Amino acid sequence: MTTNEKEQRQLAKLQAESARRKPIHYIGLAMIVLTIIYIVDEITSNMNSAMQPYVLFDLFNITSRNVNSQEYTNAFNVVAPIQVFSNFLLIITPFYKALSDKYGRKLFLMLNTIGMGLGMCIVMTAQNVVWYILGMLFMMFFTPNDMQVLYIMETAPKEKRATYSFVAKGIALVSVSLIGVFSRMFLKETVPSSWRMVYLIPVISALVIGGLSYFFMRETPVFLEQRIGYLSLSSKEREQKKKEDKAAGTSEDGGVFKAIKFIFTNRQLRWILIAGFIFFATTFYTSYYATVLEGAMSTEMVATALVIYPFFNGLITILSGFFSDKLGRKKVCLILGSLAIFGLLAFVLSCRLGLGPIAAGIAYGCSIGGLWSMSDTLILTMPAESSPSGMRSSVMGTISVLIGGGMFLGQALFIICQNFMPMDILFMIICLPFMALSLIILLLKVKETKDADLDNITADTYR
């Protein structure tokens with residue numbers, strides 16, 4: 001089949017999809033499915049960091065179960081560097097995500113969700129470090145794509161985009177407390193391998209909802225309009241459009257390399273990238289908080305903190321969505337970034353002063369609520385509202401990887417320094433200054449995007 005025949009076949013399929021009437025309550029059904037997928041995404045993102053001490057105790061046969069022991073430090077020094085260098089594999093994720101600009105959002109929504117389930121399944125069945133790392137790689141590949149976020153952005157009413165997105169995420173973040181519930185149900189100090197059962201229900205849920213999503217969801221209207229418009233052009237019209245796109249620095253075809261060029265030549269996206277890169281260098285503490293908790297309190301108390309913190313994380317996230325649509329992206333980022341700073345400081349002090357799991361859980365929940373809500377705004381919302389529709393997915397996927405380089409920098413610095421000073425002290429020394437610098441750049445260099453018309457953004461919109 002020739003390229004032209006394939007395109008005509010896709011055009012006919014998309015036109016039929018566009019002509020289909022949606023059920024009256026489709027947006028409500030779509031938000032339910034997308035919220036459940038968001039729950040799977042957040043549990044997948046948080047599971048490994050929450051279970052890390054118990055996985056290392058089991059796989060490295062650390063009978064003392066002491067995170068301050070030399071045995072644990074040695075195990076950590078084996079796993080953590082592999083985790084850091086595995087981030088290089090994320091370079092291929094924008095190539096994968098860019099395919100949704102060509103083949104549609106629905107297919108990749110399903111693939112992402114099932115992929116997360118498979119990753120957790122591999123970790124759950126791991127009998128050695130190599131198998132465990134392989135499972136983490138699966139999870140790391142699929143969780144950053146956030147196709148459910150793009151779905152919400154392209155389906156929700158313009159004036160409610162951030163509200164819908166943050167409410168869905170807030171519900172998902174509260175659901176992360178299920179990790180603490182499952183820990184209380186299955187995790188036993190006397191049974192080293194009991195951590196595996198904590199993964200069981202999330203694995204089944206991811207595989208089932210991933211498969212069902214393909215039948216319940218429709219393609220997003222923004223994608224249908226953009227792709228049908230492009231496929232309907234004649235060869236001559238496409239050639240003319242390519243010339244216009246080249247002059248404008250964008251393209252309806254999308255693609256990683258075009259997205260990279262667009263990001264670095266577009267002033268708005270370039271400063272979003274710089275602010276996000278610096279801010280993301282602080283996110284490493286979300287991977288090692290359980291070790292700090294385990295060193296400050298009992299396993300049962302840690303499980304209590306794991307139940308409590310998601311509620312405050314979710315509350316901050318939901319509120320940030322409402323305020324983002326009211327106050328604007330920049331102002332809410334300044335509030336969220338400040339909350340991340342003071343929440344992290346309170347978390348470290350709660351563990352140091354022995355204030356218990358409730359205080360530690362509240363402080364940590366508020367901190368990461370601010371951290372991830374600001375990160376989502378910088379990596380997802382503002383790039384989406386600064387990019388032409390034909391490049392939106394490509395730009396979002398590419399900028400997330402480029403900003404992810406900041407995570408690599410922060411993790412590498414942390415892993416080296418943790419051999420010489422306590423983890424919680426490093427949280428403050430590295431994270432607090434980087435967070436503050438990112439907020440300054442955002443305030444001075446990035447333009448507001450909350451009223452952006454996604455259908456009419458061009459390369460010159462934010463010049």
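User: How many helices and strands does the protein chain have?
Analyst: This is a predicted model, where local features need pLDDT of at least 70, side-chain atom pairs count only at pLDDT 80 or more, and totals for chains, interfaces and linings use all residues. Residues are numbered from 1 along each chain as its sequence is written, and side-chain values use heavy atoms, with hydrogens and water left out. Helices (H or I, at least four residues) and strands (E, at least two) are DSSP runs, numbered from the N terminus. The count is 21 helices and zero strands.

User: What is the radius of gyration of the protein chain?
Analyst: It's taken over C-alpha atoms, and the globule rule is 2.2 Å times the number of residues to the power 0.38. For 463 residues that rule gives 23 Å, and the chain comes close, so it is as compact as a globular protein of that length; its radius of gyration is 22 Å.

User: How far does helix 17 reach from its first C-alpha to its last?
Analyst: Helix 17 covers residues 299–327, 29 residues in total.

User: Is N61 buried or exposed?
Analyst: N61 sits in the loop between helix 2 (26–59) and helix 3 (70–85), and its phi is positive, near 55°, though it isn't a glycine. Buried means under 20% relative accessible area, exposed over 50%, and partly exposed in between (1.4 Å probe, protein chains only). At 55% relative accessibility, N61 counts as exposed.

How values were computed
Expected span 1.5 Å × (residues − 1).
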